[in-house]
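Please look through the sequence and the model below before reading on. The briefing that follows takes up a few helix contacts and a few single residues, topic by topic.

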Amino acid sequence: MLVTQMFAPTALVIGIYREMVALNLTDTLLALILVNAAFNLPFCIWILHGYFSSIPRELEEAAFLDGAGRIGALARVTLPISMPGVVTAVVYTFISAWNEYIVALTVTASPDRRPLTVAIPSFVTQYQEHWQYLFATSLIAIVPVVILFVFIERYLIGGLTAGSVK
């Protein structure tokens, strides 16, 4: 799984484009979802595997003794303990997918299907710069990132301080 981390999507953009043409997925949102999932999922699995394996099994067994099933133990015991790891995976995946430029530019052809981050440079052309649109679009582009960090701030602080107290 980690072999996908050895290659940047930029290095594989020609192969990715040929696959999307063969699958008839060019200029679709599904193509962007598949590419981002293919490059981000292995790293997230690797992070979460390490985090979940550090949680003592005895906690889950205690939940079983208290009458919880597998899903109940996962929802009530394992997930609350592993939230800093889940938040780390979410932040990495979101930032990586949000900042993907070359593949999104290559896979999407029509301007109305391009992600916001790909559309921003189109306001600066050879003959004219539309600075007001560029700055307004850039401001709109950072809003989802700010909202994400507002919601996960408490988990980040908890994850940073989790190993500091015995």
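Helix 2 passes helix 4 in a right-handed crossing, where right-handed means that the near helix is turned clockwise from the far one by less than a right angle, and left-handed that it is turned anticlockwise. Helices here are DSSP runs of H or I with at least four residues, numbered from the N terminus. This is a predicted model, in which local features need pLDDT of at least 70 and side-chain atom pairs count only at pLDDT 80 or more, while totals for chains, interfaces and linings use all residues. Residues are numbered from 1 along each chain as its sequence is written, and side-chain values use heavy atoms, with hydrogens and water left out.

**Helix 2 and helix 4**

- The axes of helix 2 and helix 4 come within 10 Å and cross at roughly 155°, where axes are lines fitted to C-alpha atoms, for helices over the stretch in contact, and angles run from 0 to 180 degrees between N-to-C directions.
- That angle makes helix 2 roughly antiparallel to helix 4, a label for angles over 145 degrees, whereas those under 35 count as roughly parallel, 65 to 115 as roughly perpendicular and the rest as oblique.
- Among the residues that meet here are Phe43, Ile47 and Tyr51 of helix 2 and Leu79, Val86 and Tyr92 of helix 4, contact being heavy atoms within 4.5 Å.
- Sorted by class, the contact of helix 2 with helix 4 has 13 nonpolar, 7 polar and no charged residues, where Ala, Val, Leu, Ile, Met, Phe, Trp, Tyr, Cys and Pro count as nonpolar, Asp, Glu, Lys and Arg as charged, and the others, Gly among them, as polar.

**Helix 3 and helix 4**

- Helix 3 (residues 57-65) and helix 4 (residues 70-98) have axes that come within 9 Å and cross at roughly 140°, and the two helices are therefore oblique to each other.
- This crossing of helix 3 and helix 4 is right-handed, and its contact is made by Leu59, Glu60, Ala63 and Phe64 of helix 3 together with Arg70, Ala73, Val77 and Ile81 of helix 4.
- The residues of the contact of helix 3 with helix 4 divide into 6 nonpolar, no polar and 2 charged.

**The two sides of helix 1**

- In helix 1 (residues 13-22), Val13, Ile16 and Met20 are buried, that is, under 20% relative accessible area, with exposed meaning over 50% and partly exposed in between (1.4 Å probe, protein chains only).
- These three cover an arc of only 60° around the axis, which puts them on the same side of helix 1, the arc being that of the directions from the helix axis to the C-beta atoms.
- The face turned away from the buried side of helix 1 carries the exposed residues Ile14, Arg18 and Ala22, while the buried residues pack against helix 2 (29-53) and helix 5 (102-107).

**The loop between helix 1 and helix 2**

- Most residues other than glycine have a negative phi.
- Asparagine 24, in the loop between helix 1 and helix 2, has a positive phi near 60°, and at 64% relative accessibility it counts as exposed.
- Aspartate 27 is found in the loop between helix 1 and helix 2 and has a positive phi near 65°, but at 16% relative accessibility aspartate 27 counts as buried.

**Valine 143**

- Valine 143 lies in helix 7 (residues 131-161) and counts as partly exposed at 41% relative accessibility.
- The C-alpha atoms of valine 143 and asparagine 99 are separated by 14 Å, the two residues being 44 residues apart along the chain.
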